[in-house]
Amino acid sequence: MSVQTAKQVYNFNKLQKRLRRNVGQAIADFNMIEAGDKVMVCLSGGKDSYAMLDILLNLQAHAPIKFELVAVNLDQKQPGFPEHVLPAYLNELGVDYRIVEEDTYSIVTDKIPEGKTTCSLCSRLRRGILYRTASELGATKIALGHHRDDILETLLLNMFHGGTLKSMPPKLVSDNGKHVVIRPLAYCKEKDLVRYAEAKAFPIIPCNLCGSQENLQRKAIKTMLQDWDKRFPGRIESMFRSLQNIVPSHLLDHQLFDFKTIDSHSGVIDGGDIAFDTPALPSRFVDEEDDEPQIPSGERLQVIEIK
Ligand code: SF4
């Protein structure tokens, strides 16, 4: 084995370990999978869903609890959809699966005028079909392949265009109230998933077969986040951590926090006020193991001016 190959193997093992750890942690934090669950893994043919299935299969083999996995792909009859790719891959893996064929493509192209974005109707139809399939299969959980960067993009989209502070929850009840939807990749970085998919040579099915325009607002936010990631190492990690450290008393939603009853007898709430202090930002260092900036506890850098 050459030195180069040994290094590649080392890096791949590290990446695989990190992704498995991220998924295991998210599943534990949100109690996503329990003993006896039948998890329907939604497989679009994109890098994220392949990685999700791959990691869940590994977890299933090593977890102390027993649960079932069934992969489901929805063939929406888009022109050029390579219908042999997923069955060949899934047969080789030996995993239980179902391919659901529904011509949503024709419905969408029929209903939506040319040039208009078709994604919202398409997603609604797909959701309904997947929920129905979950019922038919007796699945207790529906796993979707959204990752950390999807969650941050959605957060910013909602802030910029929706006037709400919300994102994609890692676990929720489906619109029809019948299923629990989980996102086991919630802690995984997209760039890790890209590298993993390349290393594993997943047979990716292109996602532009329907010919729909990409969501331009989401694309703009993705580009902005990727640019920040290069120019300000640690910013994305910090933004994501902020979603796990919410302080309602220091926001402005009076439905969420009871500001009205605060008086001088209430005591200091969540650290009180920093209005008279110089804003403080943490300094950063690079964690050898993860190659990503971390914030050491207790180490603070005073920032005099923020532009
Ligand atoms: S990109 Fe195409 S397949 Fe995907 S949601 Fe939009 S219309 Fe549907």
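Student: How many bridges join strand β2 to strand β3?
Tutor: Keep in mind that this is a predicted model. Strand β2 covers residues 68-75 and strand β3 covers residues 97-101, and the two run parallel. The number of bridges joining the two strands is five.

Student: Which helix does the chain pass through from β2 to β3?
Tutor: Follow the chain out of β2 and on towards β3, and you trace a right-handed β-α-β crossover. The helix on that path spans residues 85-93, and its name is α3.

Student: Which residues does Ile142 contact, leaving aside its neighbours within four places in sequence?
Tutor: Ile142 is among the residues with the most contacts inside the largest nonpolar core. With those sequence neighbours set aside, its contacts are Met40, Cys42, Leu130, Ala134, Ser174, His179 and Val181.

Student: How many charged residues are in the shell around the ligand?
Tutor: Good one to check by eye! Around the ligand you will find Thr118, Cys119, Cys122, Ser123, Cys210 and Ser212. Three of the shell residues are nonpolar and three are polar. The count of charged residues there is none.

Note on methods. Residues numbered from 1 in each chain as written. Predicted model: local features only at pLDDT ≥ 70, side-chain atom pairs only at ≥ 80, totals over all residues. Pairing = 2+ DSSP bridges. Helix = DSSP H or I, 4+ residues; strand = E, 2+ residues; numbered from the N terminus. Right-handed = clockwise from strand over helix to strand, strands pointing away. Near = placed C-beta within 6 Å. Nonpolar A, V, L, I, M, F, W, Y, C, P; charged D, E, K, R; others polar. Core = buried A, V, L, I, M, F, W, Y, C linked by C-beta atoms within 7 Å. Buried ≥ 20, exposed ≤ 12 C-beta atoms within 10 Å, placed from the backbone. Contact = placed C-beta atoms within 7 Å.
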